[in-house]
Structure formats: structure tokens, C-alpha cells
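This report looks at charged side chains and their surroundings. Please read it beside the sequence and the 3D view.

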Amino acid sequence: MNKTLVAWALALGVAMPAAAATGVFGSYLAIDTDGAGATAPTWYGAQQPGSQWLSAFGGANLGSFALGSTATLAGAELLTWKNGGGDITGATLNWRVDGGSYQSIAIGWTANSTFTDVAGNTFINWGDQKWAGLSTSSTNFLAGLSAGTHTLQVYFTGLSNEGNRDSGSAANPFSASFAVTSPVPEPASPMLLFAGLALLAVLKRRRA
């Protein structure tokens, strides 16, 4: 009988691997559509863990921006958990535009539980942690883009002693679209040009 119980215990141990002691359970991103302007950044939810939700970043349309303007990644928040010997040691926001190479920005540690996330959800479990803010003051994701439709993709990483814990991934990021538009010439501009050419023609005739 004892041998039978041992066999069952071993079988269950193989079938049910130990749960990871670290992980991520929430992520958010802030977009400032006028750079350092007066408009406050808009927060979006990527992986949303609570009952209170923000507008989803995945599938969002961030709007249209004039060629040469500025729009920044103004903030990020990552919620992580640790347990036992597992430990989260850092966090990053990873981003790219139009399928280019990812760039990473460190997200600073903010608080252990109890804390409230940017959406207004409160978390009280021991081991829960909030990482918030970015190591750079702003990142202009419009820099160098031409007129047309573009895609901003992001994912978040919690760095741990058990390996990286991602919200989204490099292969399956959270994606939002936006457009860059060329300025339309004012109607008066062509008329002024023609008037100038006409004046030059008149002056040339008079000199002849």
C-alpha cells in the first residue's frame, strides 16, 4: 500500500510542475500627444488585472500627427509578484515603430503592496510590487517618420532570478496605430506665388 501511495505521489509530482515564484499581472502605458505641451498624457491599459479598466492600448488608434510634430512615451507601469525565493529585480518597457528593432527603457521601482495602480485598482497581496515611471523624460516615437499610417508596438518585461517575465512579448506585442500627415498648403500661398510671377513679368516688359 505504501509503495502504491509513493508511486501516485511521484506521478503527481511529474504531472504538476512547481508554480513559478515570480510573474507579471498588469501593465499600462501613457502617451503624450503634444510632447511637452499643456495636454496631460493619456493612459492606456495593456494587461489589465482589476475591475477598473482604462482604454485598451492593443488595437487603439492614437490619432493623427502633423509631419515633424512630437508625441512621446510619457509613462509606464508594470505590476509584478514574487514569492518564496523568487525575486523581481527590474522592469523595462520595450517599444518599436513599424516592425523595427525594439528599444528598451527602464521602469523604476515604486512600491510593495498595498498599492493602487493607475486605473484605480488596489492590490494587497504580499509580494505584489508596482514599477512606474520611465528612466528617460520622454521618447518621441514620431521622430524620423514620413507621412502615412504607422504602428507603435510595446511589451513589458519584469527581470527576475527565474528569467524574464513578460506582459506581451517581442513576437506578440500590444499594437496601436496612428497617422502622420503632411501639412496642406494654405489657399493663399499659390495665389501669392502667381501674383509675384506676374509682377516680375510686368517689370521685365517695362525694362525691355
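## Salt bridges

Arginine 165 and glutamate 162 join their side chains in a salt bridge, at 3.0 Å from N to O. A salt bridge here is a side-chain nitrogen of Lys or Arg within 4 Å of a carboxyl oxygen of Asp or Glu. Glutamate 162 counts as partly exposed because its relative accessibility is 36%; buried means under 20% relative accessible area, exposed over 50%, and partly exposed in between (1.4 Å probe, protein chains only).

The structure holds 2 salt bridges. Lysine 82 and aspartate 87 also meet in one, at 3.6 Å from N to O. Lysine 82 is partly exposed, with 22% relative accessibility, and aspartate 87 is partly exposed at 29%.

## Basis of the model

The model is predicted: local features need pLDDT of at least 70, and side-chain atom pairs count only at pLDDT 80 or more, while totals for chains, interfaces and linings use all residues. Residues are numbered from 1 along each chain as its sequence is written, and side-chain values use heavy atoms, with hydrogens and water left out.

## Glutamate 77

A polar atom of the glutamate 77 side chain lies 2.9 Å from the backbone nitrogen of valine 118. Leaving aside residues up to four places away in sequence, glutamate 77 touches several residues, including Trp43, Trp131 and Phe156; contact means heavy atoms within 4.5 Å.

Definitions and conventions
A polar contact is a pair of N or O atoms within 3.5 Å; within protein, one must be able to donate a hydrogen and the other to accept it, and residues adjacent in sequence count only if both atoms are side-chain atoms.
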